[in-house]
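Here is a short briefing for a reader new to this structure. Start with the sequence and the model below, then read on by topic.

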Amino acid sequence: MAVIRIADLADPRLDAYTRLTERELRCVLEPERGIFIAESAKVIERALEAGLVPESFLLGERWLDPLSPLLERVAPEVPVFVAPMELMAELTGFNVTRGALAAFHRPVLPDAASFLAGVVERAGERPVRVCVLEGIVDHTNVGAIFRSAAALNVDGILVSPTCCDPLYRRAVRVSMGTVFQVPWCRIGAAARTWPHDGLATLHEAGFTCAAMALTDSSVALDDPALAKTGRLALFMGTEGGGLAAKTIAGSDVTVRIPMANGVDSLNVAAASAVAFWQLCPHVSNEYHYRPGLYS
């Protein structure tokens with residue numbers, strides 16, 4: 001474990017934590033060289049369990065001993081920067097990070113067709129359930145959807161070209177690291193070709209596309225035909241506007257959550273949890289973590 005004491009947050013070795021923007025961290029032009037930031041001990045632990053490769057750690061002094069057993073499993077050349085707690089307090093968001101951060105290399109994502117083939121193979125004979133996130137721009141909602149997907153046995157998540165990054169710092173934090181547990185990839189080449197290329201990819205893989213939308217022809221979420229569908233892709237739309245008209249028109253079925261008291265919709269994260277509970281195979285209360293997702 002390469003412990004390096006830090007006395008100044010202006011140290012250029014800490015740029016990933018203190019200076020670079022999310023866009024710069026992603027290396028948009030060269031995504032394979034990008035990194036992302038994980039905050040809190042639990043999130044860092046889940047990233048390591050999933051097989052993600054750390055570039056460095058930044059810890060408040062009091063976190064060094066508690067995290068030492070975890071850090072001993074990391075390659076010895078990976079630097080562990082340690083700063084006094086009063087210096088860590090100067091970092092924006094310290095009350096959320098609680099003094100433990102890590103920079104990880106971004107994983108290489110498969111193309112959508114390969115991703116779906118893998119999801120189907122892992123599912124075996126049971127029904128397959130994936131969720132497609134279209135244009136969701138709130139990182140809190142994306143993180144919350146991943147957390148629900150992990151808890152309620154979703155097989156995978158596909159992210160449209162206009163959806164925000166699941167590895168954005170806030171999305172990772174809100175997901176409590178479950179973004180490393182649920183397999184995901186991007187779908188669709190560009191905003192201008194969406195949703196036609198995404199729908200085509202899903203249909204070619206044998207999926208029925210279900211749009212969560214309020215239309216005159218929408219079926220209730222508890223419709224028995226949905227439960228009997230072998231491969232189901234559930235489309236969730238952006239906050240406020242919902243799914244695009246082209247997406248609804250190109251889907252095989254539209255689905256609504258039956259509601260009372262004149263309420264017509266839920267927040268997209270809440271709606272996803274309801275839909276996942278209804279449509280995904282239920283599991284026991286035992287905690288099942290999928291280690292090594294990226295190893």
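Met176 is partly exposed, at a relative accessible area of 29%. Here buried means under 20% relative accessible area, exposed means over 50%, and partly exposed lies in between, for a 1.4 Å probe and protein chains only. The model is predicted, so local features need pLDDT of at least 70 and side-chain atom pairs count only at pLDDT 80 or more, while totals for chains, interfaces and linings use all residues. Residues are numbered from 1 along each chain as its sequence is written, and side-chain values use heavy atoms, with hydrogens and water left out.

- Met176 is not a glycine, yet it has a positive phi of about 55°.
- Met176 lies in the loop between H9 and E8. Helices (H or I, at least four residues) and strands (E, at least two) are DSSP runs, numbered from the N terminus.
- Ser40 is not a glycine either, and its phi is positive at about 90°.
- Ser40 sits in the loop between E2 and H3. With a relative accessible area of 14%, Ser40 is buried.
- A cis peptide bond runs from Trp194 to Pro195, with omega near 10°. Pro195 belongs to the loop between strand E8 (184–186) and H10.

**Helix H3**

- Helix H3 spans residues 41–49, and its buried residues are Ala41, Val43, Ile44, Arg46, Ala47 and Leu48.
- The cover over these buried residues includes strands E2 (35–39), E3 (54–60) and E5 (100–105), along with helices H4 (64–71) and H9 (169–174).

**Helices H8 and H13**

- The axes of H8 (residues 139–151) and H13 (residues 268–279) come within 9 Å and cross at roughly 15°. Axes are lines fitted to C-alpha atoms, for helices over the stretch in contact, and angles run from 0 to 180 degrees between N-to-C directions.
- The two helices are therefore roughly parallel to each other. That term covers angles under 35 degrees; over 145 is roughly antiparallel, 65 to 115 roughly perpendicular, and the rest oblique.
- In H8, Asn141, Ala144, Ile145, Ser148 and Ala149 meet Val268, Ala269, Ser272, Ala273 and Phe276 of H13. Contact means heavy atoms within 4.5 Å.
- The residues of this contact divide into seven nonpolar, three polar and no charged. Ala, Val, Leu, Ile, Met, Phe, Trp, Tyr, Cys and Pro count as nonpolar, Asp, Glu, Lys and Arg as charged, and the others, Gly among them, as polar.

**Nonpolar cores**

- The largest nonpolar core has 60 residues, and Ile44, Phe104, Ile157 and Phe180 have the most contacts inside it. Such a core is a set of buried Ala, Val, Leu, Ile, Met, Phe, Trp, Tyr and Cys residues joined through side-chain atoms within 4.5 Å.
- H13 gives the most to this core, with six residues.
- A second, separate core of 22 residues includes Ala123, Cys185, Phe207 and Phe235.

- Ala83 is in strand E4 (residues 79–83). At 0% relative accessibility, Ala83 counts as buried.
- Beyond its neighbours within four places in sequence, Ala83 is in contact with Ile6, Leu59, Gly60, Glu61 and Met88.
- Ala205 is in the loop between helix H10 (196–204) and strand E9 (208–212).
- Setting aside its neighbours within four places in sequence, Ala205 is in contact with Leu116 and Arg231.
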